Amino acid sequence: MCTGKCSRFVGLCLIPLSLVCIASNALLMVPSWKTYSITKLSKHVLYMAGFIGGGLMALCPGITAVRAGGKGCCGAGCCGNRCRMLRSVFSSAFGVIGSIYCLSVSSAGLLSGPLCRINEDSWSYPFEGDAGAYLFNNTLWSTCLEPTKIVQWNMILFSLLVGASCLEIVLCGVQLVNASIGVFCGDCRKKEGSVH
């Protein structure tokens, strides 16, 4: 697979993953489809790792990779698409940083559990410090009285963020290598186009 086709494939995978991260973070802001004040939302939700890290910081390399996978600047490509590939190198490095940020915050959010009401007036993190043991013991989930089913809500959405950000790290890493090769070697489609 030539560098241009690989770039396009990676970009088309990164774009939906970044949208999944943005949507997951948005849903974490409205636990169980209800709005709460900022003071009643988990600190890991407020770090906006899905919006910023896994979302916007991965969306940019996705779009740049798709553009790098297009035809060069002058028809078949006067410079073998090297300029776009160079931009994609820097953008992919930016994407790796954002995805690592999303992965670290989402993992911490998954391990510490949600912020919830545990009695009449007290909101806290009842599972913080148990290293994620609550994830495998659903009898503990009833500790959280409000928001309704907040443990499952957080588990599903933070797990989506963890999975999506892991894939983004891999894809941005692949594109970093692919675009670096593209900068030095150009796009093989230039050679294919000259045969016809």
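1. Crossing of α3 and α5. In this predicted model, helices α3 and α5 cross with a left-handed sense. The axis of α3 (residues 49–68) comes within 11 Å of that of α5, at an angle of roughly 35°.

2. Residues at that crossing. On the α3 side, the contact is made by Gly50, Gly54, Ala58, Pro61 and Ala65; on the α5 side, by Leu161, Glu168, Cys172 and Gln175.

3. The disulfide. One disulfide turns up when the whole structure is searched. Its partners are cysteine 116 and cysteine 144, with 2.0 Å between the sulfur atoms. The link is left-handed, with -60° about the S-S bond. Cysteine 116 belongs to strand β1 (residues 116–117), while cysteine 144 sits in the loop between β2 (123–124) and α5 (150–185), so the bond ties together parts 28 residues apart in sequence.

4. Burial of the bonded pair. Cysteine 116 has a relative accessible area of 0% and is buried. Cysteine 144 also counts as buried, at 9% relative accessibility.

5. Cysteine 2 and cysteine 6. Which cysteine sulfur is closest to that of cysteine 6? The sulfur of cysteine 2 is, but the separation is 8.5 Å, too far for a bond; a disulfide needs the two sulfur atoms within 2.5 Å. Cysteine 6 is buried at 14% relative accessibility, and cysteine 2 is buried at 8%.

Conventions. Residues numbered from 1 in each chain as written. Predicted model: local features only at pLDDT ≥ 70, side-chain atom pairs only at ≥ 80, totals over all residues. Heavy atoms only, no water. Helix = DSSP H or I, 4+ residues; strand = E, 2+ residues; numbered from the N terminus. Buried < 20%, exposed > 50% of the residue type's maximum accessible area, 1.4 Å probe, protein only. Axes fitted to C-alpha atoms, helices over the stretch in contact; angles between N-to-C directions. Left-handed = near helix turned anticlockwise from the far one by under 90°. Contact = heavy atoms within 4.5 Å.
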